[in-house]
Amino acid sequence: MIEFQNVVKRFPDGFTAVKGLNLKVHEGEITVFIGPSGCGKTTSMRMVNRLLSISEGKILVEGRDNKDFPAEELRRKIGYAIQQIGLFPHFTVLDNIAVVPRLLGWDETRIRKRVDELLDLVGLDPDVNRDKYPRQLSGGQQQRVGVARALGADPPIMLMDEPFGAIDPITREVLQEEFLQIQKEIGKTIIFVTHDIDEAIKMGDRIAILRDGLLEQYDTPDNILAHPKDRFVRDFVGSDRSLKRLGLVRVHELMDTEKVPSVRIRDTVEKAEQVIKEHNVRSAFVVDDDGELRGWVDLDGIRHSPKSLLDAMTEADYHEIGVRKNNTAREALSAMVARSFRITPVVDKSGRLLGSITLKALQDLAEQGWGDEEGNGS
Ligand SMILES: Nc1ncnc2c1ncn2[C@@H]1O[C@H](COP(=O)(O)OP(=O)(O)OP(=O)(O)O)[C@@H](O)[C@H]1O
Ligand SMILES: [Mg+2]
């Protein structure tokens with residue numbers, strides 16, 4: 001979709017900011033460019049839509065050299081959200097979003113319709129916001145308008161340079177979530193620049209780590225966290241990369257649905273004891289006739305009340321002790337640590353027991369990739 005081939009950028013003062021970049025951006029994916037300040041992220045991005053000329057090498061867009069596109073066609077194909085929002089202060093929200101459609105000569109009716117559509121998409125009420133000026137909006141709202149503007153002419157490609165850089169961490173998380181939702185619908189090919197590794201891991205289908213104008217490592221977030229290529233990448237992703245990896249995996253990918261230690265509330269105490277021993281665990285989950293999780297029973301409880309499972313079990317609310325399929329493994333781990341569980345039940349929204357997840361499974365996952373740590377180029 002976008003391919004950098006030996007791309008070099010030398011500025012007129014002789015400084016070489018990009019030193020032979022080779023990289024393929026895949027269609028429909030978010031590719032994150034990340035690296036220390038000055039490593040060439042913005043420069044690389046601006047060569048894609050020819051805001052900067054290329055000194056050597058070339059960039060293919062949809063298989064064609066980007067120099068062969070008429071400028072107008074590139075503008076239509078490639079939306080651009082610039083570093084620090086960059087709305088025009090004396091333009092209304094409508095006029096800001098309409099910039100590219102107007103350049104393309106759309107008629108005003110079509111433009112108004114598109115602007116309202118985009119404001120809806122980014123979660124701003126068109127009637128309330130259309131005629132406001134940027135200074136009348138909060139930082140987060142301005143950022144949303146910036147994203148709407150980049151989507152103006154419905155380009156297949158978007159360049160987003162630290163689009164959420166200028167805002168507080170909480171609003172930023174909201175915007176990240178919203179944007180991922182939007183991307184699910186629109187499926188654009190996106191280059192997304194950030195220097196926040198957590199943002200890169202969350203937003204990226206792939207991450208390109210740049211250093212001094214060169215590509216240091218290019219892979220999926222999971223592979224980068226599991227197999228950082230050298231010390232630079234390892235330091236860059238941080239010492240808590242195991243935990244970060246757990247944030248990428250959902251509970252349903254790790255849960256066991258077969259060997260779940262569970263008994264029915266009307267089962268006997270003997271049965272419970274047998275299940276606990278068979279599974280080699282300390283406790284079994286107790287479910288009612290509808291399969292809803294009602295608590296757990298352990299050997300201690302059985303010793304105290306050897307006659308009745310109802311007496312032996314510890315009743316608990318499934319919201320309290322269960323995790324959901326779509327929780328991340330990292331969330332499951334915090335839940336388990338908080339409750340000192342070595343195994344935790346996975347429940348659906350009405351509390352039915354779907355499976356279980358063990359502390360061991362989480363530890364194994366976190367440790368994958370640590371084995372080949374040393375002797376790997378650093
Ligand atoms: N017009 C220019 N002339 C000379 N050098 C430039 C010019 N523009 C940028 N540079 C240099 O090129 C290098 C890369 O700049 P670039 O803006 O691409 O960095 P970046 O990775 O986007 O950094 P940041 O994270 O701070 O935005 C920097 O060292 C910068 O000083
Ligand atoms: Mg930059």
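## Helix α1

K41, T43, S44, M45, M47 and V48 are the buried residues of helix α1, where buried means under 20% relative accessible area, as found with a 1.4 Å probe on protein chains only. The model is a predicted one, in which local features need pLDDT of at least 70 and side-chain atom pairs count only at pLDDT 80 or more, while totals for chains, interfaces and linings use all residues. Side-chain values use heavy atoms, with hydrogens and water left out, and residues are numbered from 1 along each chain as its sequence is written.

Helix α1 covers residues 41-48 and is mostly covered, with six of its eight residues buried; helices here are DSSP runs of H or I with at least four residues, strands are runs of E with at least two, and both are numbered from the N terminus. Just after α1, R50 takes a positive phi of about 65°.

A81 stands opposite M160 in β7.

I191 lies in strand β8 (residues 189-194) and is buried, with a relative accessible area of 0%. Its contacts (heavy atoms within 4.5 Å) include M45, V48, M158 and M160, not counting residues up to four places away in sequence. The C-alpha atoms of I191 and M158 are separated by 6.4 Å, although these residues are 33 residues apart along the chain.

How values were computed:
Chains are lettered from A and ligands numbered from 1 in the order in which they are written. Two strands pair if DSSP finds at least two bridges between them. Buried means under 20% relative accessible area, exposed over 50%, partly exposed in between (1.4 Å probe, protein chains only).
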